[in-house]
Amino acid sequence: DVQTVMRHGVTMIGSDGLPTLGRRPHPRLWGTFARVLGRYVRERGVVELADGRLRLVCLDSTDPPGPGGTLRPDQLVWLDATLSASPAATIVALHHPPFAVGIDFMDEIPLDRTASADPELIVSRHPQVALVTGGHVHRAIVTRFGGTVAALAPSVANAVNLDLRPGAPPAWTPEPPAFLLHEWVEGRGLVTHLRHVGDYRVTAF
């Protein structure tokens, strides 16, 4: 039951690059979030966009047909205005990390930061931003960004090989799939957990 799954508190909506089907992009690459927002939020009311405690502000950083990303000036104006509209704790999410990760071949297909406004400067003006999150690199990576924490989610499929040598060749590795679980508790704030996917034995202390 798709609607039951959509209502569950830990359901993730995933979208990432996949091989094309003939001359058409795979459905997961195009239209995933539009379908969720259109059908399950606006039309059917299955999912609420915000409940007043924690906001999720999403930016589309894709720049087809290439693998790199960009944020247009109008998107950054929208981000600043949206963050200014509410003091509620906020997660800002986009696919491409707005910082270098140290893996050369991934840093060669980054978020283009030559736009007229700097996303880090915008985030720094809004102290209610509890987290900036993204993907793209298929590894769990944490750094400081705009006065807050930035955390990239790992992959639920293959991971990008962790090779920090300059000029290291592009490579994948079959590490255990994993995801980030963000827990918001009033009065305590946001805590993010890294969870590997699989059946692992639990042993009592």
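Visitor: Is histidine 138 buried or exposed?

Guide: This is a predicted model, in which local features need pLDDT of at least 70, side-chain atom pairs count only at pLDDT 80 or more, and totals for chains, interfaces and linings use all residues. Residues are numbered from 1 along each chain as its sequence is written, and side-chain values use heavy atoms, with hydrogens and water left out. Buried means under 20% relative accessible area, exposed over 50% and partly exposed in between, with a 1.4 Å probe and protein chains only. Since histidine 138 has a relative accessible area of 17%, it counts as buried.

Visitor: Where is histidine 138 found, and what is its phi?

Guide: Helices (H or I, at least four residues) and strands (E, at least two) are DSSP runs, numbered from the N terminus. On that numbering, histidine 138 is found in the loop between β5 and β6. Most residues other than glycine have a negative phi. Histidine 138, although not a glycine, has a positive phi of about 60°.

Visitor: Which residue of the loop between β5 and β6 has a phi near 70°?

Guide: The residue in question lies in the loop between β5 and β6 and is buried, with a relative accessible area of 11%. The residue with this positive phi, again not a glycine, is histidine 136.

Visitor: Which glutamate meets arginine 139 in a salt bridge?

Guide: A salt bridge is a side-chain nitrogen of Lys or Arg within 4 Å of a carboxyl oxygen of Asp or Glu, and the side chains of arginine 139 and its partner meet at 3.0 Å, N to O. Arginine 139 lies in the loop between β5 and β6 and the glutamate in the loop between β9 (172-173) and β10 (178-185), so the pair ties together parts that are 36 residues apart in sequence.

Visitor: How are the planes of phenylalanine 99 and phenylalanine 145 placed, and how far apart are the ring centres?

Guide: Rings of Phe, Tyr and Trp (its six-membered ring) pair if their centres lie within 6.5 Å, and planes under 30 degrees apart count as stacked, over 60 as edge-to-face and the rest as tilted. A search of the whole structure finds one aromatic pair. With planes at 50°, the rings of phenylalanine 99 and phenylalanine 145 are tilted, and their centres are apart by 6.4 Å.

Visitor: Which residues touch the most other members of the largest nonpolar core?

Guide: A nonpolar core is a set of buried Ala, Val, Leu, Ile, Met, Phe, Trp, Tyr and Cys residues joined through side-chain atoms within 4.5 Å. The largest such core has 24 residues, and those touching the most other members are Val101 and Val132.

Visitor: Which element gives the largest share of this core?

Guide: Among the elements that each supply at least two residues of this core are β1 (54-59), α3 (73-84) and β3 (89-94). The largest share, three residues, comes from α3.

Visitor: Where is proline 65 found, and which residue does a cis peptide bond join to proline 65?

Guide: Proline 65 is found in the loop between β1 and β2 (69-70). Most peptide bonds are trans. Here omega is about 5°, and the cis bond joins proline 65 to proline 64.
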